[in-house]
Amino acid sequence: MSPDSDPNTSLSAGTVHFICGKAGAGKTTLARELGRTLPTVVICEDEWIETLGFDIQSLDDFGTASSKCRSLIGPLTTELLLLGVSVVFDFAGNTVTSRHWVRTIFETADADHLLHVIEATDSQCLANIHRRNRDKPSGVYWGQVTDETFHRVTAHFAPPQPEEGFRILTHFGSENR
């Protein structure tokens, strides 16, 4: 038996990366960049929701679909982290509740974490959303986002606070993401 297959060999847990940023700030772009530059698995909640066929007509519909997806993604991520595989969440950083959910995952796996925060103004985000609505880029266009939707979603946005105790890396948004 090789040392690599020894069941008594302990693995060090991976790292969970998750992203905080307003709609249009560039979260998916950053997640994909991290996926290209780090040895990691990228999990995009929007892709799960679309692939599983949820019909999203409202923020409540999104909340229901998100909850169901997270009930699958959470245990999967814990297992990946325990196997030493790092994970990037292209979601879960925008509210205190979502960040708490991520904390339960990395603490259960005794894994590290890094919260990537994208600082972007509303005008930068809206410019990116307008461009995405117009160009409909493959893989990042999930449907038309109106200015009204942006403002309704942004009302729920809560930047991380020091007392939450996360390791944070700040990125600065642009109108080119």
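Here are some questions and answers about the strands, helices and cysteines of this predicted model.

This is a predicted model, so local features need pLDDT of at least 70 and side-chain atom pairs count only at pLDDT 80 or more, while totals for chains, interfaces and linings use all residues. Residues are numbered from 1 along each chain as its sequence is written, and side-chain values use heavy atoms, leaving out hydrogens and water.

Q: What is the strand order in the open sheet of five strands?
A: Let's start with the terms: strands (E, at least two residues) and helices (H or I, at least four residues) are DSSP runs, numbered from the N terminus. Two strands pair if DSSP finds at least two bridges between them. Here the pairing is parallel, and the order is β2-β3-β1-β4-β5.

Q: Which strands stand at the edges of the sheet, and why is one side of each left without a neighbour?
A: An edge strand has a single partner strand, so one side of it has no neighbour in the sheet. The strands in that position are β2 (40-43) and β5 (168-172).

Q: How many degrees does the twist average from one strand to the next?
A: Axes here are lines fitted to C-alpha atoms (for helices, over the stretch in contact), and angles run from 0 to 180 degrees between N-to-C directions. From one strand to the next, the twist averages 20 degrees.

Q: Helix α1 packs on the sheet, but what angle does its direction make with that of β3?
A: Contact means heavy atoms within 4.5 Å. Helix α1 (residues 27-37) touches β1, β2, β3 (86-92), β4 and β5. Its direction and that of β3 make an angle of about 175 degrees.

Q: Which residue in β3 is the bridge partner of Phe18?
A: β1 and β3 run parallel and pair over four bridges. On the other pairing, four bridges join β2 to β3, and there Ile43 has Phe89 as its bridge partner in β3. The partner of Phe18 in β3 is Phe89.

Q: How many residues of β3 are buried?
A: A residue is buried under 20% relative accessible area, exposed over 50% and partly exposed in between (1.4 Å probe, protein chains only). β3 is largely enclosed by the rest of the structure, because its buried residues number seven of the seven.

Q: Which residues of β1 are buried on each side?
A: Six of the six residues of β1 are buried, so the rest of the structure largely encloses this strand. Both of its faces are covered. One side has Thr15, His17 and Ile19, and the other has Val16, Phe18 and Cys20.

Q: Which residue in β5 is the bridge partner of His116?
A: Strand β4 (residues 112-119) pairs with β1 (residues 15-20) over six bridges in the parallel sense, and in that pairing Ile19 stands opposite His116. Five bridges also join β4 to β5, again running parallel. In β5, the partner of His116 is Leu169.

Q: How far apart are the end C-alpha atoms of helix α5?
A: The expected span of a helix is 1.5 Å times one less than its number of residues. Helix α5 (residues 122-135) has 14 residues, so it should span 20 Å. That agrees with the distance between its end C-alpha atoms, 20 Å.

Q: The side chain of Asn133 reaches which backbone oxygen?
A: Asn133 sits in helix α5, and it counts as buried because its relative accessibility is 6%. Leaving out residues up to four places away in sequence, Asn133 touches Tyr141, Gly143, Gln144 and Val145. A polar contact is a pair of N or O atoms within 3.5 Å (within protein, one must be able to donate a hydrogen and the other to accept it, and residues adjacent in sequence count only if both atoms are side-chain atoms). At 2.6 Å, the side chain of Asn133 reaches the backbone oxygen of Val145.

Q: How many disulfides does a search of the whole structure find?
A: A disulfide is a pair of cysteine sulfur atoms within 2.5 Å. For Cys20, the nearest cysteine sulfur is that of Cys125, 11 Å away, and Cys20 is in no disulfide. Over the whole structure, the number of disulfides found is zero.
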